[in-house]
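Have a look alongside me.

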Amino acid sequence: MKWFLLYFLAVGVVALELPPDFPKCKRSDPKLNDCMKTAIEGALKLMEKGLPEFKVEPIQPITVPSLTIGQGKGPVQVVQNYENFKIYNLPSAKVADLSSRLSDSEFKMNITFLFKEVYLASQYKLNGKILLLPIVGEGDCTIKLMNAKVPMEMVGRFFEKKGVKYAEISDIKVHLGGDKVEFDFKNLFNGDPRLGPEMNRILNENWKEIFDDVKYAYDEAFGAIFKNIVNLIVRKVPYDELLPIIILFLPKRPKKINSNLKTFSIIASFKKQETPNFLKCKRSDPKINDCLKPAVGRAIHIMAEGMPDFKIEPIQPIRVPSLKIEGSVTQSYEDFQIFNVPSAKITHLDSSITDDEFNLNLTVFLKDIHIAARYKLQGQILLLPIVGEGNCTTDLRNAKVSLALSGVPTEKTGRKNVEIRSLKVNLDPEKVEFDFENLFNGDTQLGPQMNRIMNENSREIFNDVRHGYEEALGAVFKNIANLIFKRIPYDELVPL
Ligand SMILES: *[C@@H]1O[C@H](CO)[C@@H](O)[C@H](O)[C@H]1NC(C)=O
Ligand SMILES: *[C@@H]1O[C@H](CO)[C@@H](O)[C@H](O)[C@H]1NC(C)=O
Ligand SMILES: *[C@@H]1O[C@H](CO)[C@@H](O)[C@H](O)[C@H]1NC(C)=O
């Protein structure tokens, strides 16, 4: 069985932005499949009129200049030649079922489409036998697939162009099926008014046998058509933009300290960018630490405003959507914001940066780390019960913050980038001030009383939860560092 098809011309890769109304889903969305379902239906609707900048022609109809379906092994002993083959009603497809594995390294998707009526219109040429009856003719024809259920299996691969990662569909399997197929071939037998309609009647009465015999060829042809359309879009939109990621941290339970960072996530998605305006230090410089001090200071300063090219959010404040710290009291925070990190003064810097290691120890001084969040507390503090929910602030005064970054320059796909494997934070504030609003359901006596007690014993209380804060900050900084380092070749970050 052979099929032949001429379709879109190959086009080079040019990075394009998706239209703003083109639906997108985040790769790490726990409900990614539900999101994809809606997104694909939405995308089909948008493509109805075409996407000229992507060279996607309107898909209502899809026009295939020429299509040949070879003869089957059974009743269809005829080569079907079609020209100007048009497929109607794809934009009204509903996604009945979808499963996917979309990650940094995998691109797989199974979709089952439902079409109420796929309508094919074309010019045909036939000369052979169907059901042992001779059939010959040329003219217009229509083929309708009623209530078509079309499962597709797509497997993609990734490729890089100018350092940017793109996806493309490498393999697609389509299985056309439906409740009924209706054929209407005009002008059979040179327009014979008796034989033509008779033949169409026979075709329609035996549609299942006929369709099954050549279905394989239709499946392949449709597969190629869909693959083309999908690739016209996905090959041109950087993968991280097509399916942005949410990086989700789930740090391990700290062993010694009785506080625990349960959930903590930071949203970060990025696309290809220019190397930022960081100061560069040479790794062969014997006084590299003197060079790094202002360079790191400047990098923190640059990051204060965010780096839109890297999709790094401003670090004034640093936002952590949700944070849970467990100790003698369970602290759940939402919209946890850390202010004033950019005003850090670097007091000490040590490094060991070579071809195969990247270690940086940094001590900074911060006059006031201001934290604002929504909290929920339940448990005991200093043996006193505490419960409440509302807004809170915590201020760490005159804090000494040490960071120990340990990374390894690793080579992937010919490019060496440093990968931060661990980032440890140590917080050492001189004084901590708590202000929890609305404790004990707003009790006007107990609430202020509790805040007073907490502040009088702030060091002890802070020590109980310090580890949770340190892990949260460590995870945030590690993420930010890797977002940057991943994108800047090692030799550009710290030249030889
Ligand atoms: C798609 O379906 C095939 C065949 O049933 C299966 O092997 C594969 O794991 C499925 N892929 C996804 C992403 O669900
Ligand atoms: C950084 O600090 C750690 C822990 O104190 C130490 O083991 C390491 O040697 C230090 N690294 C550098 C480059 O100073
Ligand atoms: C909590 O803080 C937010 C933002 O600062 C504010 O909009 C909200 O009204 C505050 N809630 C209460 C209960 O004070």
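**Entry 1: what I am working with.** I noted at the start that this is a predicted model.

**Entry 2: helix H1.** I began with H1, which has 16 residues. From its first C-alpha to its last it reaches 22 Å, close to the 22 Å expected at 1.5 Å a residue. I then asked which of its residues are buried, and got Met36, Ile40, Ala43 and Met47. Seen down the helix axis, the buried residues of H1 fall within an arc of 65°, so they line one face of the helix. Next I checked what covers them, and the cover includes strand E5 (94-102) and strand E6 (107-130).

**Entry 3: Lys37.** I stayed in H1 (residues 32-47) to look up Lys37. Leaving aside neighbours within four places in sequence, I listed Val95 and Leu98 as the contacts of Lys37. I also looked up the pair Lys37 and Ile111: they are 74 residues apart in sequence, yet their C-alpha atoms are 8.5 Å apart in space.

**Entry 4: ligand 1.** Strands E5 and E6 came up again here. I listed the residues around ligand 1 as Ser99, Ser100, Arg101, Lys108, Met109, Asn110 and Glu153. E5 and E6 are the elements that give two or more residues to this shell. By type, I have one nonpolar, three polar and three charged residues around ligand 1.

**Entry 5: ligand 2.** Around ligand 2 I found Asp350, Ser351, Ser352, Asn359, Asn361 and Ala404. Strand E14 (345-353) and strand E15 (358-381) are the elements that give two or more residues to the shell. Which element gives the most to the shell around ligand 2? I found that E14 does, with three residues. The shell around ligand 2 divides into one nonpolar, four polar and one charged residue.

**Entry 6: nonpolar cores.** The largest nonpolar core has 64 residues, and I noted Met152 and Phe226 as those that touch the most other members. Helix H3 (residues 207-234) gives the most to this core, with 11 residues. Looking up Phe226, and leaving aside its neighbours within four places in sequence, I found it in contact with Met152, Ile172 and Val174. I also noted a second, separate core of 59 residues, with Tyr333, Leu423, Val432 and Leu493 among them.

Key:
Residues numbered from 1 in each chain as written. Chains lettered and ligands numbered in written order. Predicted model: local features only at pLDDT ≥ 70, side-chain atom pairs only at ≥ 80, totals over all residues. Near = placed C-beta within 6 Å. Helix = DSSP H or I, 4+ residues; strand = E, 2+ residues; numbered from the N terminus. Nonpolar A, V, L, I, M, F, W, Y, C, P; charged D, E, K, R; others polar. Contact = placed C-beta atoms within 7 Å. Expected span 1.5 Å × (residues − 1). Buried ≥ 20, exposed ≤ 12 C-beta atoms within 10 Å, placed from the backbone. Arc of directions from axis to C-beta. Core = buried A, V, L, I, M, F, W, Y, C linked by C-beta atoms within 7 Å.
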